[in-house]
Amino acid sequence: VYSEALALAYAAMLHQMRRDPDRVLECAAAVVTLCERYGLAYYGDWAQALTGWARGLERPAEGIEIIESALERLDAHRARARRPYYLSLLAELYSLLGKRERAASVLDEAITIALEHDDVWWLPELYLQKSELEPPTEREAIRRRGLELARAQGNRGLERRILASSIARSI
């Protein structure tokens, strides 16, 4: 059961990275069900954060509330793994809601945590998101920092995402 919950949690995360909210909701619901049925902590909250993102694409305020609640529960369990990633989901929804300053603040927190705790696997995406909230004169330098890091990590997916964003912005 534990392995199934873990696999489904990672599947939900993968579907989020693929930007497929329907599959995120499907996998996350299965995780939550398993966690509730068998008393597993942590993975249900992880799944709830992803659920918040998926629901928040259409209803950002609802998604923000779900993610923030999940983060509070993760804090109560002292579970800090992947925090920069979860914060990036939250920042995306704040941006959708039009709260750019709040989104930027959340991203600053995520970047600080990533660097302080050497949890840098998602840092290129954080820089990409941050660049989109910055004045045009600062965007490219931040995006370039993310691109260099993605390349240093050998993270071809994030590298392509940043390059696609840069090309789209230059057209």
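Colleague: Hi! How many residues does helix H6 have, and what does it reach from its first C-alpha to its last?
Modeller: Hello! This is a predicted model, and in it helix H6 covers residues 100-116, which makes 17 residues. H6 reaches 24 Å from first to last C-alpha, close to the 24 Å expected at 1.5 Å a residue.

Colleague: Nice. Which residues of H6 are buried?
Modeller: Those are Ala103, Ala104, Val106, Leu107, Ala110, Ile111, Ile113 and Ala114.

Colleague: And what do they pack against?
Modeller: They pack against two helices, H5 (83-96) and H7 (123-133).

Colleague: Let's switch to H1 and H5. How are they described as a pair?
Modeller: Two packed helices are described by the angle between their axes and the distance between those axes. Here the axes of H1 (residues 2-17) and H5 come within 13 Å and cross at roughly 45°. H1 and H5 are therefore oblique to each other.

Colleague: Is that crossing left-handed or right-handed?
Modeller: The crossing of H1 and H5 is left-handed. From H1, Met13, Gln16 and Met17 make the contact, and from H5 the partners are Tyr85, Leu89 and Glu92.

Colleague: While we're on H1, is His15 buried or exposed?
Modeller: His15 is found in helix H1, and it counts as buried because its relative accessibility is 9%. Setting aside neighbours within four places in sequence, His15 is in contact with Asp20, Arg23, Val24 and Cys27.

Colleague: OK, where is Arg19?
Modeller: Arg19 is in the loop between H1 and helix H2 (21-38). With a relative accessible area of 39%, Arg19 is partly exposed.

Colleague: What is Arg19 in contact with, beyond its neighbours within four places in sequence?
Modeller: Trp53, Leu57 and Glu92.

Colleague: Last topic, the largest nonpolar core. Which residues touch the most other members?
Modeller: That core has 50 residues, and the ones touching the most other members are Trp46, Leu50, Tyr86, Leu90 and Leu126.

Colleague: Which residues is Trp46 in contact with?
Modeller: Leaving out neighbours within four places in sequence, Trp46 is in contact with Leu6, Ala9, Tyr10, Met13, Leu74, Arg82 and Tyr86.

Notes
Residues numbered from 1 in each chain as written. Predicted model: local features only at pLDDT ≥ 70, side-chain atom pairs only at ≥ 80, totals over all residues. Heavy atoms only, no water. Core = buried A, V, L, I, M, F, W, Y, C linked by side-chain atoms within 4.5 Å. Buried < 20%, exposed > 50% of the residue type's maximum accessible area, 1.4 Å probe, protein only. Contact = heavy atoms within 4.5 Å. Helix = DSSP H or I, 4+ residues; strand = E, 2+ residues; numbered from the N terminus. Expected span 1.5 Å × (residues − 1). Axes fitted to C-alpha atoms, helices over the stretch in contact; angles between N-to-C directions. Parallel < 35°, antiparallel > 145°, perpendicular 65-115°, else oblique. Left-handed = near helix turned anticlockwise from the far one by under 90°.
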